[in-house]
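Colleague: I would like to learn how to read a multi-chain model feature by feature. Could you take me through one?

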Amino acid sequence: MRISALYVVIFYALFSPGVVSATELTIEQRLVQLEQRLNIAEQRTADAEQRANQAEKKLAALAQQTESINKKVVEVNKTNEQKSGVDGVEFNAYARSGLLINSRGKGGRGGPGISPASSLNDDAHIGRLGNEKDNYLELSLGKRMTFNDGSWAHFKTMIADGAKSPDPWIQDNNSHHINIRQLYVEMGGFDEFSGAFDNAYLWAGKRFDRDNFDIHFTDSDIMFLGGTGGGIYDVKLSNALKGNYSVYGRNFGDLGSNHYKDNDIQNLMFTANHFYDNWQLMLTGMAAQGNDDLKDNTSTTGSYALRSDNTAKNGYYAMLAYRDKQQFYGLAKGVSETALQYGEKLGAEARQPGSDGDLTENAKSLRFASYGILPAWQNWEFAPSVIAQHSENRYQDGDRYDWVSFNFRASQALTQHFALLYEASWQYMDLNPNGRRYNSDQGIKTYQPVEGGFYKLTFAPTFKVGDVFDIKARPEIRVFATYMNWDKELDRYAINDDFGSKGFTAGGNWNFGVQAEIWF
Amino acid sequence: MRISALYVVIFYALFSPGVVSATELTIEQRLVQLEQRLNIAEQRTADAEQRANQAEKKLAALAQQTESINKKVVEVNKTNEQKSGVDGVEFNAYARSGLLINSRGKGGRGGPGISPASSLNDDAHIGRLGNEKDNYLELSLGKRMTFNDGSWAHFKTMIADGAKSPDPWIQDNNSHHINIRQLYVEMGGFDEFSGAFDNAYLWAGKRFDRDNFDIHFTDSDIMFLGGTGGGIYDVKLSNALKGNYSVYGRNFGDLGSNHYKDNDIQNLMFTANHFYDNWQLMLTGMAAQGNDDLKDNTSTTGSYALRSDNTAKNGYYAMLAYRDKQQFYGLAKGVSETALQYGEKLGAEARQPGSDGDLTENAKSLRFASYGILPAWQNWEFAPSVIAQHSENRYQDGDRYDWVSFNFRASQALTQHFALLYEASWQYMDLNPNGRRYNSDQGIKTYQPVEGGFYKLTFAPTFKVGDVFDIKARPEIRVFATYMNWDKELDRYAINDDFGSKGFTAGGNWNFGVQAEIWF
Amino acid sequence: MRISALYVVIFYALFSPGVVSATELTIEQRLVQLEQRLNIAEQRTADAEQRANQAEKKLAALAQQTESINKKVVEVNKTNEQKSGVDGVEFNAYARSGLLINSRGKGGRGGPGISPASSLNDDAHIGRLGNEKDNYLELSLGKRMTFNDGSWAHFKTMIADGAKSPDPWIQDNNSHHINIRQLYVEMGGFDEFSGAFDNAYLWAGKRFDRDNFDIHFTDSDIMFLGGTGGGIYDVKLSNALKGNYSVYGRNFGDLGSNHYKDNDIQNLMFTANHFYDNWQLMLTGMAAQGNDDLKDNTSTTGSYALRSDNTAKNGYYAMLAYRDKQQFYGLAKGVSETALQYGEKLGAEARQPGSDGDLTENAKSLRFASYGILPAWQNWEFAPSVIAQHSENRYQDGDRYDWVSFNFRASQALTQHFALLYEASWQYMDLNPNGRRYNSDQGIKTYQPVEGGFYKLTFAPTFKVGDVFDIKARPEIRVFATYMNWDKELDRYAINDDFGSKGFTAGGNWNFGVQAEIWF
């Protein structure tokens, strides 16, 4: 090819048509020129043909190769699709694990629900930072399936365990509780659904309600609706108004699979949630047939308390919430969520509606909860929160329980992976159990009326990855020091709760420790 | 290029050889023509060369690109292989979760094994649709490894939990049972294996036998062989005949790790399964040394019953099955599986061979089981099934237990994602326990001879994804209403079983609920 | 194209320039030749053009296709990255499952910790091959997160279960122990860390220490440090010297969340590990405040033993180890690891430092452990090991426990997937409990001083995949026969341990079985 290209150059140099006009040559010269040019042209044409042949061969090979690559890619894609769509695993977890040691070098007493006010279904929480001693795990495995017609299903199960032992093998099954907390199926994308139901989807099984929300900093649910049942989410009543409708069951009595008893008391809750802009209105009615027949029994909530003899068999509950994911109370960028909750009878448990079977038929509860997250100046972020509750005729006619908890967590990011966390908690309680009784190893005792305050201060140097400026980003690894103290009167509430127990009396208590926390 | 093509057209138009014969021109004319034509030809050849050059460059680039893509695809494939082969997770699950509420608003009584006949190792099942109240999960994680020499291994473990509580945290560990049901390794692809063993593979560990099969609609195993052991699958005895050979162990007595006792009774089962076309023949011999020494003890099956004093220490069992995955009893497209089972002594437990240590040395059982699935006209699918069993000298010499269960489930698909399910069950039992005794909280009692029928009717509007016409496709989310009734005499069988318990006596019982079911 | 190629051939055959010289022809002849040749050349050029056109079209299409494939591959790669980086599951497991049957056809007694010497915190192990009867599973799920700034986090949790029942459903929760053995977070890649801390990373939570190591063949940890705490790994003190610093807590007493008790005794261990070349030096100090107050109680280790009245409340522990992953004791290619361990008071538990709260304040332990793996001639591989321990004043002042265990496992690969495994174990013990007492169902008894030897011989034909020549490659499926015998005096040590129990006395005992073992 190069040779014939050279010929062309030489030929044109010698016989360039523009320089030497053909008409000035003799016929013989012209014929010689023509022959020579024709020889060259033929050679060039042959070369071009050969090159075209080769190019065609290469093209054919390349096309075949490309086709085969394409098949491979399709294969790989299919495999990947099957993995995510058919064989894939959804994996999520929440976990905390750490040590809590008191100033005498023993295991410290702690937990957000440590105060006497928490005897009310473990609701009256204080700050959790530097105040947890359990190894707690929620491990969720799930699967999403999608079908060609646009329909889909989603399966989720959550295995959870809570243990106070720090040991790497826990022989005693009663000191921890590995159990299945969630187990449900969701389904949607039905072309049968139209209008308001266009994007609605169904669920059934055991679950935490999708629209629960909490104050992370005190491990306080603002709303924790859960149980086994079924329902429909995302019914679109208008452009701005969405509704969810579900039924949940919870258990109040012995399952009674034996001996001619029939005390499987189920609390059936019919709940409707409506969302309008940032507003949420939740209405729940409930009925637990036969709950009023379980008299003089130990509490159905797992506490040591005895039940009253006028427990309710139904109830209602309402919550109005304003949930702003963009603004810190309309003042600045941030987050703020606020709820006002009211319930009567079985509905008088305000945090976990329907989970307390000991409530009387005259029980009333009013609860207010609010928290915000404020990215403040420079490297600071603030998270204040408050929960206040008033209950009356709760477990006995004539009882009254009032408490309020303030918590303030602050994060001061020092570098990209290190922050100082501060937490201050204050709780005030005025508890009048009006003769409510409980079991103890010294026989049946009576809860004492108490009134007083509690506070906790924590300082926690913390390493974190991800966004150090986000007070809710995880994982974190922290060391901490916590000081707590309370009014001496609170030690008297009961003989088997934390306050007043040996080595944990009013006057000031330190806890120290290290902890990891993660969720994803 | 286009210009030279134009030249050609113009030239041929002017000097077409077919129109103007070269021989009629003067030499001068012909030479001029030749020169012109030659000029054009040279130009065209030069163009073609340039184009071939470019094509070659492009081809080289493309080849390089294709090569690089190929490398990427190989990389991706390798990564995917590693994922499935080295790091991959096999994830499978079966789950059901829902509420079962009776007409008085309490937790309903239910379950496929609710009738007195089920006191025989929980075998005498009726239809499960709208008749389950547990949250049950089987979660399997596995891994497949393949090696360059063609050998492979497969690991599987199954975590299972069964709980009757609908609560989203189960504090009482005794009310649910999270345990490892399977844990085994399979290995194959050995080039040492040849002839009959060419495609055979080994297994060891704890497992459900690979060739178990069931009647899904009544949660009845036709065959549930399981335990811990080892064996070989897929020995090819001839082109049509395959054999499996395994040993399984099950436990019959206290593990006795303490206090000089030695009562770890293991039932060792040697089992052979042969497959010829649709036929399956299973033969099992078993021996549980020392089982005959466990006298006057509580049942080893977990029931309240007392053991006889002539329990067997060995037994045998045979099953002949015809399993047609293509035909509904040869009548139409569909599925049908049928088995005839016979066992003596420890082999007289027909559903779960070798799992019942209370059988006497004279025990005999004969069982017939069959079901089919028939895609019927249009949107209907039918699934009839029957199990009948006769046992004698089962738990006491002279006892006799006869029962038969018919079940009929029908599915009527109304849309692509919605079907109406119907189920009718009828069971007849004639039970003569001949003085068999059991523990109750009123002391030791005697099972009463009873005879009578039971029926159950269920209607279940059901949402499903995937193939709505397939009665076994899942997931499903159903609501349901179930009515069941039985002969009054059956209430008398025992004082601690379901029939006759408070609120659950003959005369008609309704259950209502919602349930999700999924497997993948 | 083929036609024009034919023209060329014919033309050259007729008018080959080398045969018929152009100069010998008349002008007319030459012109005719020229015309003919020119006609052909034009045709050939046109053909070449057409072919170039087609090639260009194909090239354009191919380029487009290649581009689209490239996009797909990028997509696939991205998906795969997301899977491993963001949504991926780390899945690891260890599992063993099998049957152990004695020569009388009952469940065999077995386990590496079967001899009386194992009453010392289950340390004095003999060979495990053909000597295990549990179904044991460790199932680990984890997640790795990486961030753009180079920081990363790693989460791991391990679910474990140990069960002796071979049954495929274990109803009795007390006969198995499913629990969370590990639950921790690691974090690193901090750009704040520099100098010695450049590659260091943090951890917190519950875990097995990263640098634990064991003798697999006797299921003996050389070092098993574990618990809940936090620390830092891989501090680089010099080019050759690395250090780890951690705090671990373990539990010694009742958690005491009730009834005004405060006996949550935590053993806090402060540990430093330094690595220099193959050398490892571990120093641990520990304190368990209040442990000395727990008098006359049952052992905190879960055994039946009673505590002394002078239990320690602190201790120290040191280990010097030489860990050679390349050489079998410097003699040949292979592996060898050796450790010398010494501890006092709470540190006198040499295998699991800090796990035994029954040690007295005068307790002293010295332990030597070593093993090696030697790929010997041809298809043989040898793994000898030894552990020897002396303890005094361990559980009572004046007691003395001496024992030594030798174990020798050999693997003889017969084919690529089949090997014969042999194991010989010999243990000698001289135990003087000096009046140490224990609970039994016959009341409180006293451990007897005993002295004597034990041996075990096992033959195990084994199938395996992967590398049959690697004695530690898994999975394996084995059948085995084991013979063990011991001095009669050892039967007297206690009335509730294995030796001397009914059917398991000195004089020789056979066990047979099948087992699968896997880790990945």
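Modeller: The turns below go through symmetry, interfaces, domains, the core and some local backbone features of this predicted model.

Colleague: By what turn and shift can chain B be laid on chain C?

Modeller: The general idea is that two copies of a chain are related by a rotation about an axis and a shift along it. Here chain B goes onto chain C by a turn of 121 degrees with a shift of 1.2 Å along the axis, and the RMSD is 2.2 Å. That is the relation of a three-fold axis.

Colleague: Which residue of chain B comes closest to the rotation axis?

Modeller: B:Thr45, whose C-alpha is 1.1 Å from the axis.

Colleague: Now the interfaces. How many residues does the contact take from chain B and from chain C?

Modeller: In general, the size of an interface is often given as the accessible area lost when the parts come together. Here residue counts are used: chain B puts 81 residues into the contact and chain C puts in 76 residues. On the side of chain B that touches chain C, the elements giving two or more residues include helix 2 (27-87), strand 2 (135-146) and strand 10 (266-276) of chain B. Helix 2 of chain B gives the most to that side, with 24 residues. By residue class, the side of chain B that touches chain C has 38 nonpolar, 26 polar and 17 charged residues.

Colleague: And how many residues of chain A are in contact with chain B?

Modeller: 80 residues of chain A are in contact with 75 residues of chain B. On the side of chain A that touches chain B, helix 2 of chain A has the largest share, 23 residues. The residues of that side of chain A divide into 37 nonpolar, 26 polar and 17 charged.

Colleague: Into which domains is chain A divided?

Modeller: Domain 1 covers 2-79 and domain 2 covers 89-519. Between the centres of these two domains of chain A, taken over C-alpha atoms, there are 82 Å. An unreviewed UniProt entry lists residues 26-56 of chain A as "domain: LamB-type porin N-terminal". In the model, residues 26-56 of chain A are 97% helix and 0% strand, and the end C-alpha atoms of the span lie 43 Å apart.

Colleague: How should I read the core, and which residues have the most contacts inside the largest one?

Modeller: In soluble globular proteins, nonpolar side chains tend to be buried together. In this model the largest nonpolar core has 198 residues, and A:Val185, B:Val185 and C:Val185 have the most contacts inside it. Leaving aside neighbours within four places in sequence, B:Val185 has contacts that include B:Phe155 and B:Trp203 in chain B, and C:Pro475 and C:Ile518 in chain C.

Colleague: Take a loop residue next. Is A:Ser165 buried or exposed?

Modeller: The cut-off for buried is 20 or more other C-beta atoms within 10 Å. A:Ser165 has 23, so A:Ser165 is buried. A:Ser165 lies in the loop between strand 3 (152-163) and strand 4 (179-188) of chain A. Not counting residues up to four places away in sequence, A:Ser165 touches A:Ile170, A:Ser175, A:His176 and C:Asn251.

Colleague: How does C:Asp211 count?

Modeller: C:Asp211 counts as partly exposed because 17 C-beta neighbours lie inside 10 Å. C:Asp211 is in the loop between strand 5 (201-208) and strand 6 (213-215) of chain C. Leaving aside neighbours within four places in sequence, C:Asp211 is in contact with C:Asn244 and C:Asn273.

Colleague: What should I look for in the backbone angles?

Modeller: Most residues other than glycine have a negative phi, and most peptide bonds are trans. The peptide bond from A:Arg474 to A:Pro475 is cis, with omega near 5 degrees. A:Pro475 lies in the loop between strand 22 (450-464) and strand 23 (476-486) of chain A. In chain C, a cis peptide bond joins C:Arg474 and C:Pro475, with omega about 5 degrees.

Colleague: Where does A:Asp219 lie, and what is its phi?

Modeller: A:Asp219 is in the loop between strand 6 (213-215) and strand 7 (220-223) of chain A. Its phi is near 50 degrees, a positive value in a residue other than glycine. With 19 C-beta neighbours inside 10 Å, A:Asp219 counts as partly exposed.

Colleague: Is C:Asp277 buried or exposed?

Modeller: C:Asp277 is exposed, with 10 other C-beta atoms within 10 Å. The phi of C:Asp277 is also positive, near 55 degrees, and C:Asp277 lies in the loop between strand 10 (266-276) and strand 11 (279-287) of chain C.

Notes. Residues numbered from 1 in each chain as written. Chains lettered and ligands numbered in written order. Predicted model: local features only at pLDDT ≥ 70, side-chain atom pairs only at ≥ 80, totals over all residues. Least-squares fit on C-alpha atoms with pLDDT ≥ 70 in both. Contact = placed C-beta atoms within 7 Å. Helix = DSSP H or I, 4+ residues; strand = E, 2+ residues; numbered from the N terminus. Nonpolar A, V, L, I, M, F, W, Y, C, P; charged D, E, K, R; others polar. Domains from an automatic or database assignment. UniProt positions renumbered as here; feature names shortened; annotations may be inferred. Core = buried A, V, L, I, M, F, W, Y, C linked by C-beta atoms within 7 Å. Buried ≥ 20, exposed ≤ 12 C-beta atoms within 10 Å, placed from the backbone.
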